[in-house]
Amino acid sequence: MSDVGSEDFDDDQGYLGEYEGDRNEAGERHGFGRAVLPNGDTYQGMYENGKRSGQGTYRFKNGARYIGEYYQNLKHGQGIFYYPDGSKYDGSWVDDQRQGHGLYTYPNQDTYEGEWLHHQRNGQGIYHYNDTGSRYMGTWVMGKMESAGEFIHLNHRYQGNFLNNNPSGPGKYVFEIGCEQHGEYLQVDQDRGDAEEDEIVSTMVLKWKPKSVTGLSLWTPAKEPSSDGEGLASADEKEGSKPPTPDT
């Protein structure tokens, strides 16, 4: 299950099926109960005036499972959702959606911990890449890296602004040897010929333009370095060094 939503895992909102448990004076499900729903899902937990409210466990017939808080039949509060593909979300829910602070573990064991809004990574958060050990710390907007962020690798890190999951504009590479390379990422045209029609096709690629090398300094991503100098790496060497796209 990706983290774009859980629309395929909506709880059955019906009141039919088998039920065993407490009821109120009006005959509504109220208190603790167990239900087998018409679609084959099961729920065990608390009810209030006929609706799931409070702590409960909902098991989907496809293998998914939610353990947590409900309010008015909706996942609301703290809860853990186990998806059939092995991914898991542990955190805050609002009106049946991941919202607030939460930890999502993906099938490839990547993780994201931070803020969510309407099922999307949104706000401040940390994405950890399991295969490489790299991680991104910074701002997210509707599932994508945006604005100020820091991409941390084994022996160096990149600090700057991001746009649509890619570094954009002024930034700097910070190396463990005790120096920084300032520069900026630019979108540049890359022309390539078409073998059949011999036409020039223009595509945009991301390139790093080094500007200066300094000692370690406080990170100020909004300011572009004003001094010129030799870089630690050329634009060609930095081409293609943009961070990998998070698992969606």
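E146 sits in strand β12, which spans residues 144-152; strands here are DSSP runs of E covering at least two residues, helices are runs of H or I covering at least four, and both are numbered from the N terminus. The model is a predicted one, in which local features need pLDDT of at least 70 and side-chain atom pairs count only at pLDDT 80 or more, while totals for chains, interfaces and linings use all residues. Residues are numbered from 1 along each chain as its sequence is written, and side-chain values use heavy atoms, with hydrogens and water left out.

E146 is buried but takes part in no salt bridge, and K144, the nearest side chain of opposite charge, lies 6.2 Å away. Buried means under 20% relative accessible area, exposed over 50%, and partly exposed in between, with a 1.4 Å probe and protein chains only. A salt bridge requires a side-chain nitrogen of Lys or Arg within 4 Å of a carboxyl oxygen of Asp or Glu. The E146 side chain does reach the backbone nitrogen of N164, at 2.9 Å. Beyond neighbours within four places in sequence, E146 contacts (heavy atoms within 4.5 Å) Y136, T139, W140, V141, F162, L163 and N164.

S147 also belongs to strand β12. S147 is partly exposed, at a relative accessible area of 40%. With neighbours within four places in sequence again set aside, the contacts of S147 are T139, G160, N161 and F162. The C-alpha atoms of S147 and L163 are 6.5 Å apart, although 16 residues separate the two along the chain.

Notes. Lys, Arg positive; Asp, Glu negative; His and termini not counted. Polar contact = N/O pair within 3.5 Å; in protein donor to acceptor, adjacent residues only side chain to side chain.
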